[in-house]
Amino acid sequence: MEQKQWTILFDLEETLIESWSDRALLVNKVKLIEKFIQFKLKESRQMLGRRFANPPLAMPRFGIMSWAVWNDADKKEFQQEIQPWLEEQMRITFRQDLILSMDDWALLVMKNTGLKLSRQDIFDFCNKETILFWLRNAIHEFPEGEITLIDDTVTHNNVIVSGTRKINIMNVDKL
C-alpha cells in the first residue's frame, strides 16, 4: 500500500526544551506531541475505507526548524549534545538532512525562490510560516508530501497547500 511521506519539523525552545541554555525537557508538551502523532497516523489509516481516500501517512521523519540554531556551530552543538538526548526521551530519530540552521533555511529559500536573505533578515523580518510559504513549491532539497511544523509561537492549524505539499502549522500549546 502506497503511503504519503510525512515530515515533522520541531521548534526547540518552549516546544521541546525550556531554552537553548536550559535544556529541560518540556514533558507535558512532548506528551501532547506524541498523542498528536498517534492521532494523525490513526486518522489517516481510517480514511482508507472511504471513497477517494488519500494514501495513509507514513511514519514521520523528524527535523528541526528552530531559530535557536543559527549556524553550523549551533547545528553541531544540537547534534552532539541535544539530539541524542531528545531522541532517547522522545523515542524518535532525527534525520540529519532535516536538521537545519537559520543559515540553511536562508540558503534553501535562495535556491528555491531567488530571495537572498541573511540569517538576521530571517530573524528580524520573517516568521516560520513565511519561510514555509516561500518553500511550498520548492524543487530543491525540501521534502514533499505532508509537512507539519510544531512550534509554540505560530497560529494554530494554518495550512499551506501546493501541488506536491500540504504544510500544517501547529501550535504545540493547542494540540
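Author: Start with the cut-offs. Buried means under 20% relative accessible area, exposed means over 50%, and partly exposed lies in between. Keep in mind that this model is predicted.

Reader: Why is glutamate 14 called partly exposed?

Author: Its relative accessibility is 31%.

Reader: Is arginine 91 buried or exposed, and how do you know?

Author: The relative accessible area of arginine 91 is 65%. Exposed means over 50%. So arginine 91 is exposed. Its place is in the loop between H2 and S3.

Reader: What makes alanine 68 count as buried or exposed?

Author: Alanine 68 has 11% relative accessibility. The cut-off for buried is under 20%, so alanine 68 counts as buried. You will find alanine 68 in the loop between S2 and helix H2 (72-90).

Reader: Which residues does alanine 68 touch, leaving out those up to four places away in sequence?

Author: Glu13, Trp20 and Asp74. Touching here means heavy atoms within 4.5 Å. Asparagine 28 is 40 residues from alanine 68 along the chain, and their C-alpha atoms are separated by 21 Å.

Reader: How do you know that S2 is mostly covered?

Author: Count its residues: five of five are buried. Both faces are covered. Arg61, Gly63 and Met65 are on one side, with Phe62 and Ile64 on the other.

Reader: What makes S2 and S3 a pair?

Author: Two strands pair if there are at least two bridges between them. Strand S2 (residues 61-65) and S3 have three, in the parallel sense. Isoleucine 64 has isoleucine 99 as its bridge partner in S3. Methionine 65 stands opposite leucine 100 in S3.

Reader: How many bridges join S1 to S2?

Author: Four, and the two strands run parallel.

Reader: What is the order of the strands in the open sheet?

Author: The six strands follow the order S3-S2-S1-S4-S6-S5, and the pairing is mixed.

Reader: Why are S3 and S5 called edge strands?

Author: Strand S3 (94-100) and strand S5 (158-161) each pair on one side only. On average, neighbouring strands of the sheet are turned by 20° against each other, direction ignored.

Reader: Which strands does helix H1 touch as it packs on the sheet?

Author: Helix H1 (residues 27-46) touches strand S1 (6-10), S2, strand S4 (145-151) and strand S6 (165-171). Its direction makes about 165° with that of S1. Helix H3 (residues 102-113) also packs on the sheet, touching S1, S2 and S3. The direction of H3 makes about 75° with that of S3.

Reader: What classes of residue line the second largest pocket?

Author: Eight nonpolar, one polar and two charged. Among the lining residues are Phe10, Ile33, Glu34, Gln38 and Arg91. Glu and Arg count as charged. The largest share of the lining, four residues, comes from H1. About 170 Å³ of space lies in this pocket.

Conventions. Residues numbered from 1 in each chain as written. Predicted model: local features only at pLDDT ≥ 70, side-chain atom pairs only at ≥ 80, totals over all residues. Heavy atoms only, no water. Axes fitted to C-alpha atoms, helices over the stretch in contact; angles between N-to-C directions. 1 Å grid on protein atoms, 1.4 Å probe; cavity = no way out; pocket = protein on both sides within 12 Å on 5 of 7 lines; lining within 4 Å. Points joined across faces, edges and corners; volume = space filled by probe spheres on them. Buried < 20%, exposed > 50% of the residue type's maximum accessible area, 1.4 Å probe, protein only.
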